[in-house]
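I opened the model to go through its fold from the whole chain down to single residues. My notes follow in the order I looked things up.

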Amino acid sequence: MGRIPSIPEPSSGRRSKLSSLRRSLNALRCRISKRGRSKPPDQFLDKFSAASATSDTRLHQAGCVAPQAVPSDGVCSRLSVDPSLPSHYRWLSLVSLAVLYNIVFVIGRAVFWELNKQAAVLWWILDYLCDFIYLADTLVHCHEGYLEQGLLVRDASKLRKHYFSKQRWWLDVVSMLPTDLAYIWWAPSSCAATRLPCPIIVRINRLLRLPRMWEWFDRTETATGYPNAFRICKVVLAILVLIHWNACLYFAISYALGFSTDNWVYNINGPKNLTLSRQYIYSFYWSTLTLTTIGETPTPENDAEYLFVVADFLAGVLIFATIVGNIGSMISNMNVTRVEFQNRMDGVKQYMAFRKVGGELEARVIRWFAYTWAQSGALDEERVLAALPDKLKAEIAIRVHMDTLRQVRIFQDCEPGLLEALVLKLKLQVFSPGDYICRKGDVGKEMYIVKRGSLSVVADDGITVLATLGAGSVFGEVSVLEIAGNRTGNRRTANVRSIGYSDLFCLAKRDLWETLADYPEARASLTERGCQLLRKDGLLDEAVFANAQQTQDSLESGVARLEQTVENLNLRLARLLAEYSASQAKLKQRISKLEDR
């Protein structure tokens, strides 16, 4: 036999071409085959992005999905904006500044010609910078995410459909119309004292972007920690804008009626009256006096002037009465907590005076009120957090009291669910210097956790200090655990007194046992700790405790056997029912055969 000629190995370029061809064929085969066909859309998976992402990853790993990095409509389909992000809030702030600029200067420059002529290049830059912000904001606005079934929608096509389904989209479009094209035949430099308004008035459509500034106001009022102060600032801004617009309107009417034609209109004669500062300041002064109705203004001399002043007076009475009322309610709301606290304290003082309580006790009560206000502002946490679900209330409570709970040994290894349940049941109590939290021999109905302050464990004589408790210390748990063999029963075993002002969390016995019913391991841990404390003081009867444990174990084993027996009976009953049904079916078949014969 002849030698078989050796076949040369393919080069690297040829190998890569073959591998790419092989991948293309595999992808085509997957598309043609049944298992490669796209499945109908699953609404459940579409609503849960994580599940969808997992599904896509598995399909890619299987090699039956061709990679598609860019959708068909390009970058716009991938654009989505999360309205809850701080960057979106900062963007709204920038848009609000642009809107405020147009609100103030479009009207002002349309009337005060000197203002329009000064720094013309700066006005051009600011005008078209605001137009660029408007254009970018329209792109952002039509791609802002919204919640559907509690999930943020990020599909750009859906976002655009949602944007155009609302009624406000046309405001964005109209506010961007290039009305500046009117400058071609109406030059901005043509305005003067003999020709008003200035051409800048064609940009009045930019004011239609005002809802975006209102949206920023709502977001800020919700996010700020001083909502009442922000509301007052917002009302003051509205007052200044109204006075500014009315001042511009007064100056425009003075132009329409003729400057210096009577004593009511603006007197333009004289070098001072020709200056921009005098024109605007006098108009603003006149507008303030008229709208607030707190000063005397020049008497109108013709019908148009009378009608304008009457309309101004009516607007001033209605608008400023509403504004002043709102400011008054805001200021009163700022001090509502202090007023309520003062009323409660006054009621207690009146009661003590009526019942002729001693001066020393009355002073202690007043000092307690002062300490409570200084530490927490007499804030009723339960009423403030009542609108929140238990999950959020528990998280807030854990965050607020984290420093204290971290020092409590019984909470360090407990389950998160148990910690949340216990935190919701804690009640804060404040004790004054010298107050006894508990006395030896009292019936124990609650346990205590020290949040702030120092406590002393004193002997029966009230002088000897046996121990000192600080933040994070726990006491009183022995009397609420109901440990069998406790020689003291449910009585307190020590005297605990507050050294200074002390803040303590109180956990009632009933609340503790309701919570521990679902957490047997934590209950066993607390019981073991209580037994250690009782053994340390020699207050645990080991025989009674052992018998109780045996009884408990026997009860638990009995319950387990009973549950097993019930389960066996259920199985037997189900088997008997199945046999009965089968026998009934056979009997019916025999009867039908007999009837057929």
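This is a predicted model: local features need pLDDT of at least 70, side-chain atom pairs count only at pLDDT 80 or more; totals for chains, interfaces and linings use all residues.

**Whole chain.** I began with contacts, meaning heavy atoms within 4.5 Å. Among those in the protein chain between residues at least 6 apart in sequence, 72% join residues at least 24 apart. Residues are numbered from 1 along each chain as its sequence is written, and side-chain values use heavy atoms, with hydrogens and water left out.

I then looked up burial. Of the 597 residues of the protein chain, 31% count as buried. Buried means under 20% relative accessible area, exposed means over 50%, and partly exposed lies in between (1.4 Å probe, protein chains only).

Next came secondary structure. The protein chain has 23 helices and 10 strands. Both are DSSP runs numbered from the N terminus: helices are H or I with at least four residues, strands are E with at least two.

An open sheet is formed by 4 strands in the order 3-10-5-8, with antiparallel pairing. Strand 3 (427–431) and strand 8 (474–475) are the edge strands, and each pairs on one side only. Two strands pair if DSSP finds at least two bridges between them. Strand 5 (residues 446–452) and strand 10 (residues 502–508) run antiparallel and are joined by 6 bridges. I checked one of these: Arg-452 has Asp-503 of strand 10 as its bridge partner.

**Other strand pairs.** Strand 6 (residues 455–458) and strand 7 (residues 465–469) are antiparallel, with 4 bridges. Val-457 is bridged to Ala-467 in strand 7.

Cys-438 is bridged to Val-496 in strand 9.

**Helix 21.** I moved to helix 21 (residues 509–516). Helix 21 lies across strand 5 and strand 10, at about 60 degrees to strand 10. Axes are lines fitted to C-alpha atoms, for helices over the stretch in contact, and angles run from 0 to 180 degrees between N-to-C directions.

Which residues of helix 21 are buried? They are Lys-509, Leu-512, Thr-515 and Leu-516. Seen down the axis of helix 21, they fall within an arc of 135 degrees, so they line one face of the helix. The arc is that of the directions from the helix axis to the C-beta atoms. Their cover includes helix 19 (416–425), strand 5, helix 20 (477–481), strand 10 and helix 22.

I then took the packing on helix 22 (residues 520–537). Helix 21 meets helix 22 at an angle of about 130 degrees, with axes 8 Å apart. That makes helix 21 oblique to helix 22. Angles under 35 degrees count as roughly parallel, over 145 as roughly antiparallel, 65 to 115 as roughly perpendicular and the rest as oblique. Leu-512, Trp-513 and Leu-516 of helix 21 touch Pro-520, Ala-522, Arg-523 and Leu-526 of helix 22.

**Helix 16.** In helix 16 (residues 390–400), the buried residues are Ala-394, Ala-397 and Ile-398. Their arc about the axis of helix 16 is within 100 degrees, so they line one face of the helix. The face turned away from the buried side of helix 16 carries the exposed residues Arg-399 and Val-400.

**Positive phi.** Most residues other than glycine have a negative phi. I looked up two exceptions. Ser-260 is not a glycine, yet has a positive phi of about 65 degrees. Ser-260 sits in the loop between helix 10 (227–257) and helix 11 (276–292). Ser-260 is partly exposed, at 25% relative accessible area. Lys-356 has a positive phi near 60 degrees. Lys-356 lies in the loop between helix 13 (336–354) and helix 14 (359–376). Lys-356 counts as exposed, at 73% relative accessibility.
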